[in-house]
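This briefing is meant to be read beside the sequence and the structure.

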Amino acid sequence: MTVVIGFEGSANKIGIGIIRDGEVLSNPRRTYITPPGEGFQPSDTARHHRSVILTVLKEALEQAGLKSSDIDCVAYTKGPGMGAPLVTVALVARTVAQLWGKPLVGVNHCIGHIEMGRLITKANNPTVLYVSGGNTQVIAYSERRYRIFGETIDIAVGNCLDRFARVIKISNDPSPGYNIEQMAKKGSQYVELPYTVKGMDVSFSGILSYIEEAANKMLGSRQCTAEDLCFSLQETVFAMLVEITERAMAHCSSQEVLIVGGVGCNLRLQEMMGVMCKERGAKLFATDERFCIDNGAMIAQAGWEMFRSGQVTELEDSWITQRYRTDEVEVTWRD
């Protein structure tokens, strides 16, 4: 049996997970939360990660009931992500690998999400919608690569939601996206917003600019409520994502969709995607917040796949890459 420990810390979550041959043995994490109206800065986020990472490491080993000698490989997030948090986690993973005398594997964060989704849902060969605070991509596997069929041409969908939450001072606890989702359930009036799909790609910056301006005017004059704006924003951006996912499915003759990434645990997005899949006679696969939101187990799972297929990262190559494309990785563990 192969046991891999995974270190994730590319954004405001720090997580360490342990996987043994497809079984999640432990997966603790901590979240850096800022006051309403504020985002998280790289240096402050890295400081948070440094303050808790050894505690989380101890928790992961204790929950799994393992010692360092039981670990076969150490995996860490190589990128993409925020520079300072990535460096913090890479340094700890590199140190742990040397102290324990274990091989090291640098993992692409996006592929971590995909492999975790495949493991948990048992999806065979799905069209993947990857939606998070920093990434928005429609992906399908072909010839040893995860190919990007469409993506955002500016900001990610999660970033759009987060920044809107800051404008109307929605709490960041547990996350801005979750709180928008709950407020949207109480919205009843649809405010028309720009709908920007360009072929297989999407754009969110114009929608954000428009709704920021509309929020100040419409809330001030009581033309609508904050709940109405949350509802309208969700409906619009999720419809865009469903459209490009369906187009990729048609191109690939795919009958499976897998939603991954932090925004992927939004139940309204899952519901809208489910309607489209039902109309096509396709299956929808999604996970809950334990595995959708950034976590260490997803890095451990991708690291497990890479390590078992013979991939190892030499110490001199164990740097981080802030802009690390999903399609740059050779997928040696799939036919």
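A residue is called buried when its relative accessible area is under 20%, exposed when that area is over 50%, and partly exposed in between. At 43% relative accessibility, Y190 therefore counts as partly exposed. The model discussed here is predicted, and the points below are grouped by topic.

- The buried residues of α8 are L269, Q270, M272, M273, M276 and C277; because they cover an arc of only 165° around the axis, they sit on the same side of α8.
- On the other side of α8, the residues L267, K278 and E279 are exposed.
- The packing partners of the buried residues of α8 are the elements β7 (127–131), α7 (226–252), β12 (256–260) and β13 (283–286).
- Just after α8 comes G281, which takes a positive phi of about 70°.

**Aromatic pairs**

- Counting rings of Phe, Tyr and Trp as paired if their centres lie within 6.5 Å, the model holds 2 aromatic pairs.
- Y141 and Y146 form an edge-to-face pair, with 5.6 Å from centre to centre and 65° between the planes.
- Y141 has a relative accessible area of 12% and is therefore buried, and Y146, at 1% relative accessibility, counts as buried too.
- Y190 and F231 form an aromatic pair that is likewise edge-to-face, at 6.5 Å centre to centre and with 90° between the planes.

**Charges over rings**

- R334 lies over the face of Y141, at 4.1 Å from the ring centre, and Y141 is also a member of the edge-to-face pair with Y146.
- K78 lies over the face of Y324, at 6.0 Å from the ring centre.

**T2 and its contacts**

- T2 is placed in the segment before β1 (3–8), and its relative accessible area of 11% makes it buried.
- The side chains of T2 and R308 are joined by a polar contact of 3.1 Å.
- When neighbours within four places in sequence are left aside, T2 is in contact with I19, R20, D21, D72, W304, F307 and R308.

**Partly exposed helix residues**

- T55 is found in helix α1 (residues 42–64), where it is partly exposed with a relative accessible area of 43%.
- Along the chain T55 and E256 are 201 residues apart, and their C-alpha atoms are separated by 39 Å.
- V87 has its place in helix α2 (residues 83–100) and is partly exposed, with a relative accessible area of 36%.
- From V87 to Y146 the separation is 59 residues in sequence and 25 Å in space, taken C-alpha to C-alpha.

Definitions and conventions:
Residues numbered from 1 in each chain as written. Predicted model: local features only at pLDDT ≥ 70, side-chain atom pairs only at ≥ 80, totals over all residues. Heavy atoms only, no water. Buried < 20%, exposed > 50% of the residue type's maximum accessible area, 1.4 Å probe, protein only. Helix = DSSP H or I, 4+ residues; strand = E, 2+ residues; numbered from the N terminus. Arc of directions from axis to C-beta. Contact = heavy atoms within 4.5 Å. Phe/Tyr/Trp six-rings, centres within 6.5 Å; stacked < 30°, edge-to-face > 60°. Lys NZ or Arg CZ within 6 Å of the ring centre and 35° of its normal. Polar contact = N/O pair within 3.5 Å; in protein donor to acceptor, adjacent residues only side chain to side chain.
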